[in-house]
Amino acid sequence: MIATPEPDHDRKTELMAIDQSKSGIKGLVDAGLAKLPRVFVHDHLNLNIKSGPAPDNVNIPVIDFAGVNTDSTRRAMIIDEIRNACMKWGFFQVVNHGIPVITLEEMINGIRRFHEQEPEAKEKLYSRDESKKVTFNTKIDMSQTMAAYWRDTLTCVMAPNPPATQELPGTCRDIMLDYTNNVMNLGTTLFELISEALGLNPKHLKDIGCTEGLYVMGHYSPACPEPELTMGTGVHTDSGFLTVLLQDQIGGLQVLHDNRWIDVTPIPGALIINLGDLLQLISNDKFISVYHRVVARNIGPRISIASFFRTYIEPQNALRRYGPIKELLSENNPQIYKETNVVDYFKFKHLKGVEGTSALAHFKLF
């Protein structure tokens, strides 16, 4: 379905009304929303690309981390599986990763509690000021013509300089600290394994700063009255080094593989790992960052928590530059990308827009 375009002024007015309510999409649904506001309608949803369950024998890799730090033979097998997943998919799921299931469940419940509390309790955090370490808002863009996404998000910058404890919402404060501490530890293991999968010293990626920053987004998507018209998250690649995603059992995440949208089937107790653009850049295209999206559903709420290992965008971080790792280059594998810093990279990607585009091409040397 292609919606009839409306005047830009109407769009801005509608966006401002949503933004100024400070109650998010959940506020709209609680008020009895039956028809999708025009600003949420996505006019083209890649309908020419097949979508749905994976064909036989085509599944996102599931890697069992049991024995990863105690059995050298098992560790070598896991590294091989990671190498294959990072080269072919850019995504994999991890089981037996060391984070207790009760911690995962309580993190999902904590994000649910935050979003389902009284609107007045969330209003004080409603902001689009990216300099703040804790914010709540709806994914809309006031400055561009991009359609809004069907989700509300609590964002917390948890590393390297976390917010003061009292700045975190009381509804999920303790579990946010516990969960992100576990994710940081898992991240250290993941970057060691990825370093080894690249043929590098296990500490290489940690030593160049890949594990330092953690940016956490707790998404909440209520049941949508017209899910075929909108998206929970549009087509995009992640900007940073690595993302650890915890999702509930509703599903909706899809990965583009061989020109087909593949459903990422939820596995109880599993975490989804995907590579970001900067890891593709520093690996000189050996490992890939791939397009993914989240479709809206008429059931819900869908809750997911994305933890991004990425450097926080601050002026001082402009001094640290990233380019293809020298140890990976050779006469047969020449440098593909020029060096950049995270400030310039994120700035370019933001100007280019997120949906359906990758900023990596801009940084190619040839």
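Reader: How many cavities of 30 Å³ or more does a search of the whole structure find?
Author: Happy to start there, with two notes on the ground rules. This is a predicted model, in which local features need pLDDT of at least 70 and side-chain atom pairs count only at pLDDT 80 or more, while totals for chains, interfaces and linings use all residues. Residues are numbered from 1 along each chain as its sequence is written, and side-chain values use heavy atoms, with hydrogens and water left out. Taking a cavity as a set of points on a 1 Å grid over the protein atoms alone where a 1.4 Å probe fits but cannot get out, the number of cavities of 30 Å³ or more is three.

Reader: About how much space lies in the largest cavity?
Author: Grid points are joined across faces, edges and corners, and the volume is the space filled by probe spheres set on those points. Counted that way, the largest cavity holds about 60 Å³.

Reader: How do the residues lining the largest cavity divide into nonpolar, polar and charged?
Author: Lining residues have an atom within 4 Å of a point, and here they are Trp 150, Ser 221, Pro 222, Gly 232, Val 294, Val 295, Ala 296, Arg 297, Ile 299 and Arg 302. Ala, Val, Leu, Ile, Met, Phe, Trp, Tyr, Cys and Pro count as nonpolar, Asp, Glu, Lys and Arg as charged, and the others, Gly among them, as polar. The lining therefore divides into six nonpolar, two polar and two charged.

Reader: Is strand β7 largely enclosed or open, and how many of its six residues are buried?
Author: Strands are DSSP runs of E with at least two residues, helices are runs of H or I with at least four, and both are numbered from the N terminus. Buried means under 20% relative accessible area, against over 50% for exposed and in between for partly exposed (1.4 Å probe, protein chains only). Strand β7, residues 231-236, is largely enclosed by the rest of the structure, because the number of its residues that are buried is six of the six.

Reader: Which residue of β12 stands opposite Val 255?
Author: β12 also pairs with strand β9 (residues 253-257), in the antiparallel sense over three bridges. Both faces of β12 are covered, with Arg 293 and Val 295 buried on one side and His 292 and Val 294 on the other. The residue opposite Val 255 is His 292.

Reader: Where is Cys 224, and which residue 191 places away along the chain has its C-alpha atom 9.2 Å from that of Cys 224?
Author: Cys 224 is in the loop between β6 (214-221) and β7, and it is buried, with a relative accessible area of 3%. Contact means heavy atoms within 4.5 Å; leaving aside neighbours within four places in sequence, Cys 224 has contacts that include Leu 36, Trp 150 and Ala 296. The residue 191 places away, with C-alpha atoms separated by 9.2 Å, is Leu 33.

Reader: What is the relative accessible area of Gly 218?
Author: Gly 218 is found in strand β6. Not counting residues up to four places away in sequence, it touches Ile 111, His 115, Asp 152, Thr 153, Leu 154, Ser 304 and Ile 305. Gly 218 is buried, and its relative accessible area is 1%.

Reader: Which residues touch the most other members of the largest nonpolar core?
Author: A nonpolar core is a set of buried Ala, Val, Leu, Ile, Met, Phe, Trp, Tyr and Cys residues joined through side-chain atoms within 4.5 Å. In soluble globular proteins, nonpolar side chains tend to be buried together. Of the 70 residues in the largest core, those touching the most other members are Phe 65, Ile 82 and Val 244.

Reader: Which helix gives the largest share of this core?
Author: Phe 65 is in contact with several residues beyond its neighbours within four places, among them Leu 186, Leu 190 and Leu 193. The largest share of the core is 10 residues, and the helix they come from, residues 173-197, is α6.

Reader: What percentage of the 366 residues count as buried?
Author: The protein has nine helices and 15 strands. Among contacts between residues at least 6 apart in sequence, 79% join residues at least 24 apart. Of the 366 residues, the share that counts as buried is 54%.

Notes:
On a 1 Å grid over the protein atoms alone, a cavity is a set of points where a 1.4 Å probe fits but cannot get out, and a pocket is an open set with protein on both sides within 12 Å along at least five of seven lines; lining residues have an atom within 4 Å of a point. Two strands pair if DSSP finds at least two bridges between them.
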